[in-house]
Amino acid sequence: MSIMEIFETMAYGPAPEASSLALAWIKEHEPFQLFINNEWTAPAAESYFESSNPATGKGLTKVAAADKADVDKAVSAARKAFPSWSKTPGHVRARYLYAIARHIQKHARLLAVLESLDNGKTIRETRDLDIPLVARHFYYHAGWAQLMESELPGYQPVGVVGQIIPWNFPLLMLAWKIAPALAMGNTVVLKPARYTSLTALKFAEIMQEVGLPAGVVNIVTGEASKAGEALVNHPDIDKIAFTGSTEVGRSIRKATAGSGKKLSLELGGKSPFIVFDDADLDSVVEGVVDAIWFNQGQVCCAGSRLLVQENIAERLINKLRARMENLRIGDPLDKTMDIGAIVSPGQRQEIQNLVDIGVKEGAQLWQPSTACPADGSFFPPTLFTNVAPASTLAQVEIFGPVLVTLTFRTPAEAVEIANNTRYGLAASVWSDNINLALDIAPKLKAGSVWINSTNLFDAACGFGGYRESGYGREGGKEGLYEYVKPAWLAAHHGRSGGVKAATHAGEQMEASNGNGAVHTDALEEFSATDAQDGYGFPPIDRTPKLFIGGKQARPDSGYSLTITGPGGRVLGEVGEGNRKDIRNAVEAAHKASGWGGASAHNRAQILYYIAENLGAREAEFARRIVEQTARSYADALNEVRTSLSRLFSYAAWTDKFEGSVHLPPLRGAVLAMKEPIGVLGLACPDDYPLLGFVSLVAPAIAMGNTVVAIPSPRAPLSATDCYQVFETSDVPAGVINIVTGEREALSKVLAEHHDVNSMWYFGSAEGSKAVELASISNMKRTWVNYGRGRNWLDRVQGEGEEFLREATQVKNIWVPYGE
Ligand code: NAD
Ligand code: MN
């Protein structure tokens, strides 16, 4: 082609990135072994699988397939390395992380080409996005290693972490997992996705180059059903960090339930991309390209649902089609390509199947006229219009370059459609009216909201989901807490130190504070003076009902439970709540969701008011504790006063547990807002009938959640005595709901309920497991004690940030600015 011809046509010529270096590196290492204890180790079963290039369909190389024996070996290497790595000073760990970041940059070209070859994504993306972000994650976390001691006092590493990642951003997902784990002093066994092991193996080589101590990072390649499951089920793993599909996330929650393994899940999505009629449509079109055709749409937070205001829908769709005609699809190593290959023929087929279903369900399909390469797993950019909100296309994650369009008329309708999904990973909002955009952002149920932008990521800004998109965050300070645990917990019963589950609450109390001894003399003293009123009359019978929607409600069953104190003395009766009562309570809690929008100042006022009204009756509440526990009066009074102090603490925290503003490398700001989780189920501990109850309810409502609490079944009267306190303290109806009854059965109903967003459970080890298992119905968050005690009187164990973090989730709102 002559220069004149090129000027005439303005066509792109081929501009391939050389692959010779990468192919030579592959040849050198063939077949790839497992990376265990800093050594290349052959798999015990001598089994290997093929990794191929999706753009050609041809095999690239052979990679070891680990099985249980290999995973055992890797876990014991990590276990052996843990004591010394966890005690390595933060500054030293920072030096290693810094060295890793530098080495990533030195090998950037090779890593980018390897990633393109193995995954099929374009070199433009691996070179400009994946690899630079990988380096950024290690730099950022080198900083947290350096600062851990001063910025996370009272926290320790979790231990040995098993990490499982998907194939869509192979090295980037590795970085998101390994960088914070090492920064916080953990050791790691990581399993890459089967289709994309190569950059993880190059990363292993970098571990050798920087001289990381043996066993700190181990990489076991292999199949989900062997290596993956062995890792999840390994008894000597302290935490599993998983990124992948919601379906597999669910199975991992099930497999680990009750084991005490810490768990973070980054799952699927069906994120809305909302366009208002005052948006700049040319920017919107480029935004859509980045939202759904970036990485062939194989992005968990892809803007796969285009919600466009009805009056501009036609104009936008026409512009979009014109732009789609210009998208270039082909050889991922060609620097001028916009779209590469789908990771495997199987994934390509799944996309095709969903597209076929969409057509069958009546949606209108449109694809550009440009041809897809015939070899390899390519799929054309695809646009659907005339999509019904409840159809498969609008609800199911396609994980491919397929955009579905829906329309809306008003902002309220946009929010409603946007939130009409089981997921909640991300959302984009496009409008030139910043007031509108910032009004919509907090209303969207999603972990990241991008204003007039999309698919922006940075190590400083946490990323993660709401609802069935999972729990836990990666990046930012909040991401660090996934890799640490409170030091007191580690000291008392670290997994590695051998967990001794308390069998019943009495033991818990003794184990945790030595206050469990029954003071029988106090009981006798008390019954002599107080049980009768001095004139020989019996006390007036009082049967507390349930507390639902601000009203005292009779239990549905019509039954009540007899509450006896120590020595078998009958203290009274409480309602026996059942499934129906829980449902009513959850509904009331939902209706009260406006509480989350009340000002922090307002919520603080109400917490202070509760304390004021409770304080006025402290002697009565203390006597009630004596009755139920036979502890001394002084001891009981101390519990009441500690409860008052706790209410004051959370009143204080309401307007002090604030978000932050991040400074990623972009012109703009990222607002990290702490939001309430929604409706919380609370199963209260047996030790400390009042303090245990207050310690859960207060942080939950302080942060704007509404609650359904199950008081201690052994000593529920301190909680039911609070009804009157709440009624006189301006607590809005439905913010606090209380259902007395059998803890295990009621907890299970709460944990299974689809409108409960998180479940806290402080009871037995078996009950904890049951809650974790029941939570998989809607992948709700859980916080359980595995039957272990906690000293509720102690401020370190009984209140503070651990509770506040469990009561909130972070939403990152990205606000780029400038013309
Ligand atoms: P996947 O769930 O099939 O596999 C993910 C990883 O888990 C792979 O390494 C796989 O080998 C392993 N695995 C599968 N079954 C397992 C089991 N039973 N036990 C242990 N390990 C098992 O997902 P995928 O197809 O690789 O990735 C696509 C999915 O990942 C999409 O749903 C996407 O939305 C999600 N994703 C989420 C994020 C996020 O941050 N939220 C990021 C990327 C991808
Ligand atoms: Mn591959």
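Me: How many salt bridges does the count come to?

Reply: The model is a predicted one, and in it the count comes to 41 salt bridges.

Me: What makes the meeting of Arg-641 and Glu-618 a salt bridge?

Reply: A salt bridge needs a side-chain nitrogen of Lys or Arg within 4 Å of a carboxyl oxygen of Asp or Glu. The side chains of Arg-641 and Glu-618 come to 2.6 Å, N to O, and therefore the pair qualifies. This pair links distant parts of the chain, with Arg-641 in helix 24 (residues 633-653) and Glu-618 in helix 23 (residues 618-629), 23 residues apart.

Me: Why is Arg-641 called partly exposed?

Reply: Partly exposed is the term between buried, which is under 20% relative accessible area, and exposed, which is over 50%. Arg-641 has a relative accessible area of 44%, so the term partly exposed applies to this residue.

Me: Arg-743 and Glu-744 also form a salt bridge; why is Arg-743 called buried, and why does Glu-744 count as partly exposed?

Reply: In this salt bridge the closest N and O atoms are 3.5 Å apart, which is within the 4 Å limit. Arg-743 has a relative accessible area of 7%, under the 20% limit, and is therefore buried. Glu-744 is at 30% relative accessibility, between the limits of 20% and 50%, so Glu-744 counts as partly exposed.

Me: What makes Glu-802 and Arg-790 a salt bridge, and where in the chain do the two lie?

Reply: Their side chains meet at 3.2 Å, N to O, and the limit is 4 Å, so the pair qualifies. Glu-802 is in helix 31 (residues 801-806), whereas Arg-790 is in the loop between strand 30 (781-784) and helix 30 (795-798), 12 residues apart. Glu-802 and Arg-790 are both buried.

Me: Why is Glu-266 called buried, and what does the UniProt record say of this residue?

Reply: Glu-266 has a relative accessible area of 6%, under the 20% limit, and is therefore buried. Glu-266 lies in strand 10 (residues 262-266), and the unreviewed UniProt entry covers this residue with the annotation "active site". Leaving aside neighbours within four places in sequence, the residues in contact with Glu-266 include Phe-242, Thr-243, Phe-463 and Arg-473.

Me: How do you know that Glu-397 makes a polar contact with ligand 1?

Reply: A polar contact is a pair of N or O atoms within 3.5 Å. A polar side-chain atom of Glu-397 lies 2.6 Å from an oxygen atom of ligand 1, so this pair meets the limit. Taken alone, ligand 1 exposes 840 Å², of which the protein buries 89%.

Notes: Residues numbered from 1 in each chain as written. Chains lettered and ligands numbered in written order. Predicted model: local features only at pLDDT ≥ 70, side-chain atom pairs only at ≥ 80, totals over all residues. Heavy atoms only, no water. UniProt positions renumbered as here; feature names shortened; annotations may be inferred. Helix = DSSP H or I, 4+ residues; strand = E, 2+ residues; numbered from the N terminus. Buried < 20%, exposed > 50% of the residue type's maximum accessible area, 1.4 Å probe, protein only. Contact = heavy atoms within 4.5 Å. Polar contact = N/O pair within 3.5 Å; in protein donor to acceptor, adjacent residues only side chain to side chain. Areas by Shrake-Rupley, 256 points an atom, 1.4 Å probe, with all protein chains shown as cover.
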